[in-house]
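Please look over the model below. My notes follow as numbered points.

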Amino acid sequence: MTDESNQASLAAHIVTSYDEDLQYLVRRIAEMGGVAERMLEEAVVSLVNSDPALSQKVISDDLLLDDAERQIGEKAVLIIAKRQPMAADLRDVIGAIRIAADLERVGDMAKNIAKRVLAVQGMAQPKKLVRGLDHLAELALTQLKEVLDAYSQRSAEMANSIRERDDEIDAIYTSLFRELLTYMMEDPRNITACTHLLFCAKNIERIGDHATNIAEVVYYIATGDQLVNDRPKDDETATVGAGD
Amino acid sequence: MMSEAAVEEAVGAKVDSQPPVKMQGRMVCVYYGDSQALYDVNLDIRKNQVTALIGPSGCGKSTFLRCLNRMNDTIDTCQVKGSITLDGGDIYDASVDVVELRARVGMVFQKPNPFPKSIYENIAYGPRIHGLARTKSEFDEIVETSLRKAGLFEEVKDRLTSPGTGLSGGQQQRLCIARAIAVSPEVILMDEPCSALDPIATAKVEELIDELRQNFTIVIVTHSMQQAARVSQRTAMFHLGNLVEEGDTDKMFTNPDDQRTQDYITGRFG
């Protein structure tokens, strides 16, 4: 099914409250997406600027996402029970449940970054590494923003191109990983800070993976088909240090 | 783990192993007087499968169902064109005995309509007029087997001589199914068989349909999308006298190809 015909299928239901139920899910997902984006942005800013107050805000914001995920899940179950959605409507409901779960995890990742701000506070952070982390976060944020646009437009095409781009994040993560290792080897006093930064980088890379998951769900919602071909993967950190 | 090629082969084999065609409609047009009710319908009914016919009221699904055992013959102004075959033989051929055809292609209606006779007689009537049994013990056996297949025997075995009309709605409908089974049909047509039943009775009939599929080919008209999705393997969607889309039930209810199917099953028009 093309994007166009899918758009056309969004004609109103005979039962108006059914449309309201489905719109509720779309609206809440968009809200969750906004919160998740902001949390990631603020977590990285608080890390770069060593801002514990901002990091504290990120940590408490995570509750918003936990609540939203639960409410979306409850509403989705209620819609299934009351209306027995079919075809595109069914995919909408199932998709909302899955996307809410991914966004909730994005919140957890951002919260984890924020928690580390206190630990690395006051330690000398090499500018280059922090810049690298910032760049990684920017890419992840772009992926997250675009995948939420793809969701609101039900665009399979956009979803597919977002999924194809995850390898950029993986590649940068791998190079950051190497740099952090080098830095730790140079001076063992860097190990604590670098280990925390390594986890931060890993968290950001995972956020990219969640954006990819969401892209796959959006593709499914729009077309009814699952993306099965392997997407490009450039995360080579599992083998870094093994024989190089 | 299967290799990709092996999986493809297995999937391909599955497609090829579709059950054989039991009934086939080709270019079926139906007219009631001057107005045309069906336009060039091509549909295969496969053996030992449940085929669901869905679509909004007046779309032609019941008309098509009634063509399959020439129930439309009883309407004077009704005219059927095109061909409908049963095991390859044209059922509208002049040589076909309509009574015999309806024994091979039985029917269950929307409203349970047991004869105003005993439960036993309701079942035995068909086999008697078709000469399928002679002795009392032969009739007893047919009655018991048919009631068992319809999942009703245990509930009525102690009151076989009571009137069929005294049963509950759900039991009456299963009695009608048992009556249809009693003449050993090959195909059973069901026109909204559960619309007058409560959810429990509906569940029992649906369970029965699934069991009957082992021995019979079933075509069911239903307004309940969930029922069509639950009981059938193939679904055909009608709209304004046209067959819009026909395919695997699983696909039809998760990802239909046609916009009209999508709109209908999701409650956007009807």
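1. Chain A has 8 helices and 0 strands. Its pattern along the sequence reads α-α-α-α-α-α-α-α. Helices and strands here are DSSP runs (helices H or I, at least four residues; strands E, at least two), numbered from the N terminus.

2. A word on the ground rules. This is a predicted model, where local features need pLDDT of at least 70, side-chain atom pairs count only at pLDDT 80 or more, and totals for chains, interfaces and linings use all residues. Residues are numbered from 1 along each chain as its sequence is written, chains are lettered from A and ligands numbered from 1 in the order in which they are written, and side-chain values use heavy atoms, with hydrogens and water left out.

3. Overall dimensions of chain A. The C-alpha trace spans about 70 × 40 × 25 Å along its principal axes.

4. Annotation. An unreviewed UniProt entry lists "domain: PhoU" for residues 29-117 and 134-218 of chain A. UniProt positions follow the numbering used here, feature names are shortened, and annotations may be inferred rather than shown by experiment. Residues 29-117 of chain A are 93% helix and 0% strand, with end C-alpha atoms 28 Å apart. For residues 134-218 of chain A, the figures are 92% helix, 0% strand and 27 Å between the end C-alpha atoms.

5. Salt bridges. The count over all chains is 34, with a salt bridge taken as a side-chain nitrogen of Lys or Arg within 4 Å of a carboxyl oxygen of Asp or Glu. One of them joins the side chains of A:Arg38 and A:Asp61, at 3.1 Å from N to O. A:Arg38 lies in helix H2 (residues 16-48) of chain A and A:Asp61 in helix H3 (residues 52-83) of chain A, so the pair ties together parts 23 residues apart in sequence.

6. Now the partner. Chain B has 11 helices and 10 strands. Its C-alpha trace spans about 60 × 55 × 35 Å along the principal axes.

7. How much area do chain A and chain B bury between them? The figure is about 1400 Å², 49% of it on carbon and sulfur atoms. Buried area is the accessible area (1.4 Å probe) that two parts lose on being put together, summed over both. In contact terms (heavy atoms within 4.5 Å), 19 residues of chain A meet 16 residues of chain B.

8. Which side chains form the salt bridge between the chains? The rule finds 1 across this interface. A:Asp89 and B:Arg268 make it, at 3.1 Å from N to O. Helix H1 (3-8) and helix H4 (87-120) of chain A are the elements giving two or more residues to the side of chain A that touches chain B. The largest share, 4 residues, comes from H4(A).
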